[in-house]
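Have the viewer open while you read.

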Amino acid sequence: MSTPKDSLKNKGASISAKPNTKEGILDFLTKAMDKGVFDAILIPMRVPAGDSFAYVLIKDKSLLKDATPLPSVMSVQGAKAVSSVTRLGKGNMKIAAVMRPCEIRATIELSKLGQTDLENITLISMDCPGVLPVSDFLNAPEKNIKLFNESVQKWDDKAMRPVCQICDKSSMVSGDIHIGTLGAKKDTFFIISNSQKGNDVLEKLGVDLKENIDSWQAKVRSISEEKLKKRKKAHKDLKSEIGGIDNLVDAFSQCINCHNCMSVCPVCYCRLCYFDSDKVKHPSEDYLQSAESKGSIRFLPDTILFQMGRMMHMSLSCVSCGACEDACPMSIPVAQIFSMIADETQGLFDYVSGRNLDEPIPLVAYKEEELHEMEDAND
Amino acid sequence: MKKDEEFMPKILAFLCNWCSYAGADMAGTSRLKYPPSILPIRVMCSSRVDPLFVIRAYLGGADGVLVAGCHPGDCHYDKGNYYTRRRFAMLKKVTEEVGLESDRLRLSWVSASEGPRYAKTATDFTEKIKKLGENSAKNKIFL
Amino acid sequence: MIKALQINKNFEQGVIELLKFLLENGKVKGVFTLKKISKDGTVAYSLITKPDELKDAVPFYPLMPVNAGKLLSRFTLKGSTNKPVVAVVKPCELRAFVELIKREQGSLENLFIISSTCGGVYPLKMAADGTVEKNLPKYWDAVKKGETLTELRSACKACEEFIPYTADMTVDLIGKSDIDKKCVILLNNEKGEELAKGMKGEFLAKELDKAKMDKIRSKREAEKKKLFDEIETKMNGMDGLIEIFGRCIGCHGCMRVCPICYCKLCEFESSDSEYRPSNYESDLKKRGGVRVPPGTIYYQLGRLTHIGISCVGCGSCEDACPVDIPLSLIFKKVGESVQKMFDYTPGKNVEEDIPLVTFEKEEFAEVED
C-alpha cells in the first residue's frame with residue numbers, strides 16, 4: 001500500500017449521514033456499486049433468524065439496505081472472511097470489505113502471511129466503540145442490538161468485550177479508506193484515504209478530499225490516550241495475576257483443549273495446527289512414564305504447551321480482537337492474556353500488527369546489529 | 001426464468017460407467033425421448049458417490065439428484081452397489097430427518113442394455129421434480 | 001444374578017479404595033479417572049500412578065470436560081498399552097471408545113473399564129461459572145431417587161443408554177437410596193472378577209434392579225420425545241435449517257470435541273471444501289449474495305452423514321458451541337433415526353461392524369427405484 005500524498009494526510013471528505021450514519025455508509029456503498037467502482041461488497045448482515053450477524057459477499061446491491069456496517073457482535077473475524085474469498089487468488093471482482101479496524105489489521109497480517117490476495121480488495125474501516133461479547137448478546141438479541149446502538153451513540157464501552165474496553169487502536173487507519181464518525185459535525189461523517197487505492201476509489205466517486213479532519217484526529221487522539229492508560233493498568237494487573245507457573249496453570253486449568261480459540265483466531269491460519277498434529281500424539285508408554293514421574297498427570301497433558309505454543313506462534317500478529325475469548329466455552333480470559341503478551345512481543349520489535357502492509361513481520365526480517373541484550377555477554 | 005416458461009428441472013445424475021452410463025448411452029443411440037433435465041456425471045462405480053456430492057449438489061440448487069448403478073449382484077466390482085444402497089438409505093434418512101425434500105434424491109438400478117428403462121426413469125423423475133417445484137436452495141444466501 | 005463386590009462405604013470412597021488396591025497390588029500400573037486438579041476445584045481426567053494421588057479422585061463427578069472415549073483413543077492410538085491400566089468412564093464415553101476401536105483408533109488390550117449407571121452430567125457452562133460444586137447435593141439426591149434434573153445437558157436428559165454395555169465392572173448408582181453407605185460394584189465378566197480378587201469387601205450375587213431401570217428409561221424416553229419434538233418443529237426444511245444454524249460461526253468446535261470425529265484433517269477444513277474465487281463468482285451469478293465463509297449447512301449436514309451412524313449422544317458438541325446451537329439434540333435425533341434403520345446401537349458390541357461397511361444382498365428395497 002503506497003502512502004498517499006502528504007498534503008492529503010490531514011484532509012478528508014465530509015459525507016452526509018442522513019438519516020443516520022449507517023444509512024449514510026450504505027448509501028455511499030450503493031453509489032459505489034452503481035458507478036461500477038465495486039462489483040461486490042463484503043459486509044455483515046443480520047441472519048434470517050435475527051439472532052446473529054454474518055459476513056455476506058453482496059453482489060445484488062438491493063441487499064445492501066439490509067447490511068449492518070458495525071454489527072453488535074463479531075461472529076466471524078472479518079479477516080477470516082476476506083481470506084476465505086481471496087486466499088486462492090484475487091478473482092475477477094473488485095470488492096470492498098467493510099470491517100472494524102482490528103479486522104482490517106488482521107487482514108493485513110494475513111496478507112503478509114500469504115493467506116489473502118488484496119489486489120482487488122478495498123479495505124474500508126470505521127471508528128469502533130467495541131463489540132458485545134457473543135454470550136451476552138445471545139441472552140436477548142433484540143434488546144442487545146438496541147443496547148449496542150445506544151452505546152455507539154454515546155461511545156460508551158461498558159458492555160463491550162473486555163479487550164475492547166482497553167483497545168487504544170479502535171480508530172487506527174491501516175486499510176485503504178476510513179470512515180471517521182468521531183468528531184464529525186452532526187449528520188455527517190468523514191471519509192479519509194490511506195492509500196493510492198483509496199485515493200483512486202474516492203476520485204472515481206467524485207469525493208474530494210479537501211476537508212480539514214482536525215476534529216476527528218483530536219477526538220481519536222484523546223480517546224486513544226485514555227484507552228492506553230486503561231490498557232497499561234489492565235495489563236499490569238493481569239501480569240501479576242497470571243505470572244509464574246502456578247498462576248499460569250491455574251489461569252488455564254479449566255481449558256478443555258477444544259482449540260476453539262485457535263479456530264476463530266484470524267491469524268491462526270494453519271490447515272492442520274501443530275497442536276492437532278501427530279507431533280503431540282504419543283504412545284501410551286510416554287504418557288505412563290510422565291505419570292510415573294509425577295504420580296499423576298492431567299490427561300491429555302499439554303494444555304499449557306498449547307496455550308504458550310500458540311502465543312509464540314501468533315503473538316507478533318495478534319490484533320487483540322477478542323474473537324478467542326468469545327469462542328472459549330470455559331470463559332477463560334484468553335484474549336486478555338494473549339493481548340497482553342502480544343503487546344510485549346510486538347513492543348520488543350517496535351512492531352504494531354497490521355499497521356502497514358509494507359512492514360514485515362519481525363521474525364522474517366533482521367538487522368545485523370540488534371537485540372544484543374538477549375545474547376550472552378562476550379567476555 | 002420467464003413466467004410462462006415451463007419449469008425444466010436440473011437433475012444431476014451420477015451414472016456408473018459399466019451399467020447405467022452405458023444404459024443412458026443406449027437410450028441416446030436408440031433415439032429414445034426423455035426430458036432435457038438430466039446432467040450426467042460418469043463415475044466408475046455407483047459406490048464412488050460420496051453422500052457429500054449429493055449434499056453439495058442439493059445445496060448448490062440442483063432440483064434433483066439421481067444415483068444410478070448396476071443391479072445388485074451385477075456390480076462390475078462385485079459389491080460396490082450394495083454399499084451404495086446402504087449409503088443412500090442413510091443419506092435419505094438424514095435429509096428426511098432435517099425436513100429437506102428427500103424425494104429429490106433417487107436411487108436407480110439400470111443395466112447397460114436397459115436404454116428404455118433409463119429413459120423411463122429420467123422421464124418419471126423429471127415429472128416428480130416438476131411437481132415438487134424448484135429447489136429453494138438456489139436462492140439462499142445464508143447456506 | 002452375577003458376582004458383585006460390595007464395599008460398606010459410600011460409593012465414591014468404595015471405588016477409590018478399589019482403585020487404590022489395584023495400584024498398590026500392582027494389578028494395574030495406572031488409573032484413568034476424573035480428579036480435582038487445582039485448588040479452585042477444576043475437575044479433569046487424569047492418569048494416576050501413585051496411590052496417594054487418588055485422594056483427589058472424583059470418579060463419578062457430574063461433569064464431562066472431554067469425552068473420555070476420545071482420551072482413551074488418544075492413549076492407545078499409537079498402540080495398546082503394554083502396562084495394565086484401569087479407566088473409570090461414563091457409559092456414553094465407553095460406547096464412543098468402542099466405536100473408535102471399530103475404526104482402528106484405539107485398543108482395549110490391557111485396559112480395564114469401570115463404569116456405572118449414569119445420572120447424567122452438568123453442562124460445562126456450570127463449570128465455567130463455578131456452580132457445579134454447590135449443586136452436587138442436588139445432583140446426588142436426584143440420582144438416588146432415579147430422577148433427572150432439568151439443569152443437566154439436554155443430551156443426558158434424553159439418554160436411554162445409561163447402563164454401560166461392555167464395562168468390566170459396573171457401579172450400581174441410579175435409583176439406589178443407600179449409595180452413601182454401600183458401594184455395589186457388579187463384576188460383569190472374568191476380567192472384572194480377576195481384577196477384584198483379593199479386594200476387601202463382600203462378594204455377593206447381585207444384579208441391577210430391572211424394574212427400576214425400566215422405569216427410569218421410560219421417563220428418559222418421554223423427555224427425549226419432548227425434546228426431539230421441539231427440535232423437529234425448528235428443523236422444518238431449508239428455511240428451518242438456515243434459521244437453526246444461522247448463528248454458526250464455522251469454528252468446528254463441535255467436530256473437534258466429538259469423540260467420533262477422529263479425522264486428522266477434517267474434510268470440511270481440507271482444500272476439498274475450500275471456495276475458489278471462481279466458486280464465489282459462479283455462486284454470485286445465481287444468488288445476490290453468499291455468506292462468508294460459505295458452507296455452514298454443508299458442514300452440518302455433512303457431519304451428520306459422517307458420524308450420525310455412531311453418535312453416542314454424549315452432548316460434548318453442544319457444550320463446545322460458542323453460540324448455543326442445540327447441536328446435541330439435532331445430532332442425537334438424526335443419529336438415532338439412522339441407527340434405528342440398521343437396528344444398530346453404537347458401542348454396544350465391539351465385534352459388530354459399523355452398518356456402512358457391511359451389507360445384505362437383499363435389503364432396503366424401499367429406497368431403490
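In what order do the four strands of the open sheet in chain B run, and is the pairing parallel or antiparallel? The order is S2-S1-S3-S4, and the pairing is parallel. Keep in mind throughout that this is a predicted model.

## The sheet in chain B

Strands S2 (38-43) and S4 (105-109) of chain B are the edge strands, each pairing on one side only. Ignoring direction, neighbouring strands of the sheet are turned by 20 degrees against each other on average.

Next, look at how S2(B) is held in the sheet. Strand S1 (residues 11-16) of chain B pairs with S2(B) in the parallel sense, over six bridges. If you want a landmark there, find Phe14(B), which stands opposite Ile41(B) in S2(B). Packed on the sheet is helix H2 (residues 51-60) of chain B, which touches S1, S3 (64-69) and S4 of that chain. The direction of H2(B) makes about 155 degrees with that of S3(B).

## Chain A as a whole

Now over to chain A, where the secondary structure comes to 15 helices and nine strands. Its C-alpha atoms fill a box of roughly 70 × 60 × 40 Å along the principal axes. A compact globule with 379 residues would have a radius of gyration near 21 Å, so the 22 Å of chain A agrees with that.

As for the inside, 49% of the 379 residues of chain A count as buried. Take the contacts in chain A with a separation of 6 or more: 73% of them are between residues 24 or more positions apart.

## Where chains A and C meet

Between these two chains, 64 residues of chain C are in contact with 62 residues of chain A. On the chain C side, strand S3 (residues 43-48) gives the most, with five residues. By class, the side of chain C that touches chain A has 29 nonpolar, 15 polar and 20 charged residues.

S3(C) and strand S9 (residues 296-298) of chain A pair in the antiparallel sense over three bridges, and the bridge partner of Arg298(A) in S3(C) is Ser46(C). Strand S3 (residues 53-58) of chain A pairs with S9(C), also antiparallel, over four bridges. There, Ile58(A) has Gly289(C) as its bridge partner.

S9(C), residues 289-292, deserves a zoom. Which of its residues point one way, and which the other? Gly289(C) and Arg291(C) point one way, Val290(C) and Val292(C) the other, and all are buried.

Technical notes: Residues are numbered from 1 along each chain as its sequence is written. Chains are lettered from A and ligands numbered from 1 in the order in which they are written. This is a predicted model: local features need pLDDT of at least 70, side-chain atom pairs count only at pLDDT 80 or more; totals for chains, interfaces and linings use all residues. A residue is buried if 20 or more other C-beta atoms lie within 10 Å of its own, exposed if 12 or fewer, and partly exposed in between; C-beta atoms are placed from the backbone. Helices (H or I, at least four residues) and strands (E, at least two) are DSSP runs, numbered from the N terminus. Two strands pair if DSSP finds at least two bridges between them. Axes are lines fitted to C-alpha atoms, for helices over the stretch in contact, and angles run from 0 to 180 degrees between N-to-C directions. Two residues are in contact if their C-beta atoms, placed from the backbone, lie within 7 Å. Ala, Val, Leu, Ile, Met, Phe, Trp, Tyr, Cys and Pro count as nonpolar, Asp, Glu, Lys and Arg as charged, and the others, Gly among them, as polar. The radius of gyration is taken over C-alpha atoms; the globule rule is 2.2 Å times the number of residues to the power 0.38.
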